[in-house]
Number of protein chains: 2
Amino acid sequence: MNSSYKKNRSDKVPIPHSLLRYRELLDDSLRLSVPNCGNSVYKLLEYAMGWIDEDGRPVSKSKGKALRPTLCLLSSVASGGTIQSALPAAVALELIHNFSLIHDDIQDKDKIRHHRRTVWAVWGNSKALVAGDVLKIIADRSLTDVKDKGLNSIISNRINGLLTEAYLEMIEGQYLDLDYERRTDVGISNYLDMVSRKTGALIRSSMNIGALLGSEDDSVADTFRKCGSAVGYLFQVRDDILGIWGQETLTGKPVGSDIRRRKNTFPVVYTISKIGGSDKRELLHIYQKDNIDDNDVQSVLEIMDKVDTRSYAQDFAQSCRDDAVKLLSSVNLVTKPHKDLVDIFNFLLVREN
Amino acid sequence: MNSSYKKNRSDKVPIPHSLLRYRELLDDSLRLSVPNCGNSVYKLLEYAMGWIDEDGRPVSKSKGKALRPTLCLLSSVASGGTIQSALPAAVALELIHNFSLIHDDIQDKDKIRHHRRTVWAVWGNSKALVAGDVLKIIADRSLTDVKDKGLNSIISNRINGLLTEAYLEMIEGQYLDLDYERRTDVGISNYLDMVSRKTGALIRSSMNIGALLGSEDDSVADTFRKCGSAVGYLFQVRDDILGIWGQETLTGKPVGSDIRRRKNTFPVVYTISKIGGSDKRELLHIYQKDNIDDNDVQSVLEIMDKVDTRSYAQDFAQSCRDDAVKLLSSVNLVTKPHKDLVDIFNFLLVREN
């Protein structure tokens with residue numbers, strides 16, 4: 001880690017400055033996009049965005065990483081464009097991401113996210129479902145801003161198309177993820193296909209759209225798109241590592257929480273592909289149980305240790321990071337935002353929450 | 001009822017020809033809009049649209065009334081336009097409507113719709129939620145067809161805006177409906193405001209958009225919009241009547257089902273506004289109970305009889321129908337589709353499912 005990392009807490013990998021640089025600008029634009037009218041559904045949205053607490057009191061600082069919009073803005077500047085032209089698309093990306101979190105938490109029955117109760121945990125499934133639908137519409141509306149920015153209309157139509165395809169892919173990926181639950185025949189390639197949609201689609205299109213706006217050059221935009229695919233895997237595999245070995249004080253989830261939920265994440269899929277005999281029988285047996293207890297989690301962790309799953313997963317994340325860095329170095333980019341992007345990739349490899 | 005009504009079943013008010021006229025054309029266009037690709041989420045959508053059964057076998061006939069797209073097409077032709085120019089908007093309206101049904105059934109925990117199990121009842125909440133999200137995206141995509149039809153671009157942009165606002169209003173209305181549950185202070189005006197959004201928004205915009213495409217004349221489109229508002233109330237109040245006094249063999253729901261679910265529908269809100277003393281105490285007490293049994297339903301029905309709620313509700317629906325007819329007669333319209341629209345309003349007043 002170099003000096004461009006800011007320490008937030010002594011025990012935590014600090015968030016790099018590059019992720020915080022446009023935070024205020026993004027927050028202001030996001031707040032403008034969510035209407036502040038009478039209907040109380042908007043209270044749920046302000047809560048979901050991290051602006052107020054459960055009782056409606058303002059929260060001093062938003063909590064999320066705003067990864068996707070920041071990647072979009074940096075990709076625009078790195079490839080010769082401006083922040084301003086990429087801002088509406090960046091806002092749409094963050095709103096779509098937040099919409100997906102609201103519905104995801106309902107699907108996964110997750111009660112806590114970023115150390116706060118999730119929307120459904122506070123207001124119930126039905127209201128959370130509607131709140132997600134409303135946020136999705138607001139995201140759609142913010143896209144019309146992309147068109148109004150006096151952009152080349154061919155580019156602006158393509159950006160709209162890219163965003164629509166990205167969230168369709170994302171939701172198809174969520175469906176695959178649900179479909180994989182309780183299955184024990186999910187291979188690495190199935191897993192990567194699912195992640196490429198569920199997580200990859202939005203990250204990939206963030207960089208693709210940013211570069212398309214910045215360069216108006218298809219080959220540059222395509223390189224950023226490929227880079228975004230690598231970043232998507234990097235993000236998710238590190239997330240999967242944290243879902244099993246992450247520190248509870250940092251992630252807000254107990255060790256082994258993804259095992260307890262029988263998630264077919266990268267470490268699990270890899271482990272199943274490597275083991276055999278009694279280890280395999282035991283792991284598959286545990287994954288078929290209705291309730292997975294502490295002993296079961298311990299057994300799975302021990303089986304994973306035997307085949308060095310954690311190192312393998314981290315190595316995979318590292319190679320995705322290397323891919324991403326290499327792809328960017330193949331294009332002629334503006335130095336500072338280029339370095340900011342690499343800083344973010346480095347952070348994603350070691351983040352602890 | 002006159003001869004333009006086709007008898008489907010001897011005990012049922014027949015669906016008018018005017019609602020069936022474009023059924024095949026609509027079905028073909030709807031099927032083209034839903035991709036038939038590998039991801040199994042599309043199976044849920046084909047089921048939701050009524051094209052296949054739970055096992056994926058084709059169903060011979062779609063079941064829904066296709067009210068909104070038919071109103072859109074007829075409004076276009078009645079005001080001097082074509083079917084073809086209004087078809088993409090009609091398709092989008094029907095897809096948005098079906099998206100809302102999938103999410104509505106999750107919210108209301110409804111297991112049966114049109115005598116078939118609902119999507120969540122077959123595949124579970126999570127997959128149904130995702131399926132709804134996918135259908136919503138497909139509806140958005142079908143809107144881009146509106147733009148590609150070589151229409152006046154000002155009109156096509158306005159139609160996009162009208163549709164977006166309509167489904168935002170619709171979802172805000174769904175939120176209000178959820179918010180009203182278990183409340184006993186919901187007045188007629190609150191109820192009408194909620195219905196005007198939840199049900200009215202899409203019906204109103206169906207007629208508004210159809211007439212805008214047909215006439216390209218704001219004042220004609222505005223008259224259709226007002227007419228659509230009246231049709232929205234007509235549709236919902238008749239729906240509320242069926243939710244309490246409808247025949248189980250026709251609606252698929254037992255008598256009093258909306259009472260059992262403590263829904264604040266028109267008959268309930270009206271009754272509460274008319275009664276006092278022990279009747280009021282009893283009704284409010286029943287509506288606060290966790291489980292409403294057959295005796296409770298019977299008591300509520302008796303209280304409603306005392307203040308003639310059923311007649312009052314039907315009279316209200318009748319006056320909405322009269323309003324709708326009167327509004328249309330104030331514009332110079334093409335005779336046949338004008339008569340078709342009036343036939344549909346007449347049907348909505350007496351339909352039994």
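This is a predicted model: local features need pLDDT of at least 70, side-chain atom pairs count only at pLDDT 80 or more; totals for chains, interfaces and linings use all residues.
1. The expected span of a helix is 1.5 Å times one less than its number of residues. Helix α5(A) has 26 residues and reaches 35 Å from its first C-alpha to its last, close to the 38 Å expected at 1.5 Å a residue. Helices in this note are DSSP runs of H or I with at least four residues, strands are DSSP runs of E with at least two, and both are numbered from the N terminus.

2. Residues are numbered from 1 along each chain as its sequence is written, and chains are lettered from A and ligands numbered from 1 in the order in which they are written.

3. Chain A as a whole comes next. Its secondary structure comes to 18 helices and two strands. The C-alpha trace of chain A spans about 65 × 50 × 40 Å along its principal axes. The radius of gyration, taken over C-alpha atoms, is compared with a globule rule of 2.2 Å times the number of residues to the power 0.38. For 353 residues a compact globule would have a value near 20 Å, and the 20 Å of chain A agrees with this.

4. A residue is buried if 20 or more other C-beta atoms lie within 10 Å of its own, exposed if 12 or fewer, and partly exposed in between, with C-beta atoms placed from the backbone. Of the 353 residues in chain A, 48% are buried. Two residues are in contact if their C-beta atoms, placed from the backbone, lie within 7 Å. Among the contacts in chain A with a separation of 6 or more, 70% are between residues 24 or more positions apart.

5. Because 22 of the 26 residues of α5(A) are buried, the helix is largely enclosed by the rest of the structure. Just after α5(A), A:Lys109 takes a positive phi of about 55°.

6. B:Lys109 is placed in the loop between α5 (83-108) and β1 (112-113) of chain B, and with 13 other C-beta atoms within 10 Å it is partly exposed. Another is A:His115, with a positive phi of about 65°. A:His115 lies in the loop between β1 (112-113) and β2 (116-117) of chain A, and it is exposed, with 11 other C-beta atoms within 10 Å.

7. The meeting of the two chains involves 25 residues of chain A in contact with 25 residues of chain B. On the side of chain A that touches chain B, α5 (83-108), α7 (125-148) and α8 (153-180) each supply at least two residues. Helix α7(A) gives the most to that side, with 10 residues. The residues of this side divide into 11 nonpolar, seven polar and seven charged. Here Ala, Val, Leu, Ile, Met, Phe, Trp, Tyr, Cys and Pro count as nonpolar, Asp, Glu, Lys and Arg as charged, and the others, Gly among them, as polar.

8. How are the two copies related? Chain A can be laid on chain B with an RMSD of 0.0 Å by a turn of 180° and a shift of 0.0 Å along the axis. That is the relation of a two-fold axis. The superposition is by least squares on the C-alpha atoms of residues with pLDDT of at least 70 in both copies. Because 100% of the interface residues of chain A are also interface residues in chain B, the copies meet through the same surface.

9. Helix α11(B) has 28 residues and reaches 40 Å from its first C-alpha to its last, close to the 40 Å expected at 1.5 Å a residue. This helix is mostly covered, 22 of its 28 residues being buried. B:Tyr233 is found in α11 (residues 218-245) of chain B and counts as buried, with 23 C-beta neighbours inside 10 Å. Leaving aside residues up to four places away in sequence, B:Tyr233 touches B:Val195, B:Gly200 and B:Cys320.
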